[in-house]
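Below is a short briefing on pockets, salt bridges and selected residues. Please read it alongside the sequence and the coordinates.

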Amino acid sequence: MAVWSTCIATRPVVMNFMKQIGQANRRVLATDEWLRVEGTNSIYALGDCATINQRKVMEDISAIFQKADKDNSGTLTVKEFQEALDDICDRYPQVQLYLNNKQMSSLVDLLKESKGDVAKESIELNVEEFKSALSQVDSQMKNLPATAQVAAQQGSYLADCFNRMEQCTKNPEGPLRFRESGRHRFRPFRYKHLGQFAPLGGEQTAAQLPGDWVSIGHSSQWLWYSVYASKQVSWRTRSLVVSDWMRRFIFGRDSSQI
């Protein structure tokens with residue numbers, strides 16, 4: 001019988017920092033969509049010690065409406081909505097997830113659904129109808145898993161942002177600030193799921209790859225070996241890992257200290 005117990009505990013240095021910034025009642029640090037710790041201006045957190053507090057659409061729905069309603073008519077036309085569409089989807093990723101689950105090609109289809117059987121060119125929504133159309137969007141919000149894949153992508157994202165800090169300060173590339181003027185400096189962090197593996201023992205692994213393709217067996221085990229070795233930080237660690245696998249394959253696992 002093999003017994004395995006694992007967990008994720010907050011490090012003391014992180015716990016002390018959370019108390020200093022008023023996040024002592026949380027399990028991990030809360031950051032915004034740019035991985036900046038909430039309540040600070042220049043401190044960033046990533047990986048297992050932090051989680052992204054994605055802003056809800058309904059919290060900003062009135063500001064979004066006012067920003068999209070450029071002629072201040074009190075109603076939102078399809079043309080006005082389409083002009084703000086990219087910024088809305090960029091700032092609130094749950095919008096695109098909701099559309100995908102509803103099998104809708106764009107938010108215009110969602111607006112059309114809320115208004116009934118009318119031509120989309122003639123759709124005009126007031127703020128209350130706009131709220132009704134987007135009322136269920138925030139149900140698609142999900143926290144990112146505490147995996148190395150997420151942390152690695154966050155690290156690459158932050159490195160890119162830091163390298164282009166001066167450039168993007170002068171020429172912001174992020175979405176519109178719906179509650180303020182101008183644009184955000186950077187695009188928000190977006191996690192791209194590249195699949196995951198679960199070793200099953202007996203030289204077999206379950207693999208879940210993009211496109212919801214699932215494979216179980218020895219071939220998935222060798223795919224896992226390849227991916228795991230390629231993600232090592234240096235050729236030295238790759239050679240050590242591969243040589244350890246070869247010794248285990250030839251001599252079996254060393255269980256003398258169990």
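**Briefing**

Asparagine 72 has a relative accessible area of 66% and is therefore exposed; here buried means under 20% relative accessible area, exposed over 50%, and partly exposed in between, with a 1.4 Å probe and protein chains only. This is a predicted model, in which local features need pLDDT of at least 70, side-chain atom pairs count only at pLDDT 80 or more, and totals for chains, interfaces and linings use all residues. Residues are numbered from 1 along each chain as its sequence is written, and side-chain values use heavy atoms, with hydrogens and water left out.

**Backbone angles and loops**

- Asparagine 72 sits in the loop between helix H2 (61-68) and strand E3 (76-77); helices (H or I, at least four residues) and strands (E, at least two) are DSSP runs numbered from the N terminus.
- The phi of asparagine 72 is near 55°, a positive value in a residue other than glycine.
- Most residues other than glycine have a negative phi.
- Leucine 35 also has a positive phi, near 70°, and belongs to the loop between strand E1 (29-31) and strand E2 (50-52).
- With a relative accessible area of 0%, leucine 35 is buried.
- Lysine 70 is in the loop between H2 and E3 and counts as exposed, at 58% relative accessibility.
- From C-alpha to C-alpha, lysine 70 and aspartate 254 are 70 Å apart in space, and they are 184 residues apart in sequence.

**Largest pocket**

- The volume of the largest pocket is about 1,700 Å³.
- On a 1 Å grid over the protein atoms alone, a cavity is a set of points where a 1.4 Å probe fits but cannot get out, whereas a pocket is an open set with protein on both sides within 12 Å along at least five of seven lines.
- Grid points are joined across faces, edges and corners, and a volume is the space filled by probe spheres set on the points.
- The lining of the largest pocket holds 40 residues, and Pro145, Thr147, Gln149, Tyr191 and His193 lie nearest its centre; lining residues have an atom within 4 Å of a point.
- Two or more lining residues of the largest pocket come from each of helix H4 (93-102), helix H7 (148-163), strand E5 (196-201), strand E6 (204-209) and helix H9 (218-230).
- H4 gives the largest share of this lining, six residues.
- By type, the lining of the largest pocket has 18 nonpolar, 16 polar and six charged residues; Ala, Val, Leu, Ile, Met, Phe, Trp, Tyr, Cys and Pro count as nonpolar, Asp, Glu, Lys and Arg as charged, and the others, Gly among them, as polar.

**Second largest pocket**

- The second largest pocket has a volume of about 570 Å³.
- Its lining comprises 28 residues, with Asp32, Trp34, Arg36, Arg91 and His184 nearest the centre.
- H7 supplies the largest share of the lining of the second largest pocket, four residues.
- This lining divides into 12 nonpolar, five polar and 11 charged residues.

**Salt bridges**

- The structure holds 15 salt bridges, each a side-chain nitrogen of Lys or Arg within 4 Å of a carboxyl oxygen of Asp or Glu.
- One of them joins arginine 91 to glutamate 33, with the closest N and O atoms 2.7 Å apart.
- Arginine 91 lies in helix H3 (residues 78-91) and glutamate 33 in the loop between E1 and E2, so this pair ties together parts that are 58 residues apart in sequence.
- Arginine 91 and glutamate 33 are both buried.
- Arginine 55 and glutamate 59 form a salt bridge at 3.8 Å, N to O.
- Arginine 55 is partly exposed at 28% relative accessible area, and glutamate 59 is partly exposed at 43%.
- Arg55, Glu59, Asp60 and Arg179 are linked in a network of salt bridges.
- Lysine 170 and glutamate 166 form a salt bridge at 3.7 Å, N to O.
- Lysine 170 and glutamate 166 are four residues apart in helix H8 (residues 165-170), so about one helical turn separates them.
- Lysine 170 and glutamate 166 are both exposed.

**Nonpolar surface**

- Leu200, Val214 and Ile216 make a nonpolar surface patch of about 310 Å².
- Patches are made of residues with over 30% relative accessible area and no salt bridge; like charges are joined within 9 Å, and nonpolar side chains (Val, Leu, Ile, Met, Phe, Trp, Tyr) within 5 Å.
- Accessible areas come from the Shrake-Rupley method with a 1.4 Å probe, and for residues only the protein chains shown count as cover.
- Isoleucine 216 lies in strand E7 (residues 213-217) and is exposed, with a relative accessible area of 58%.
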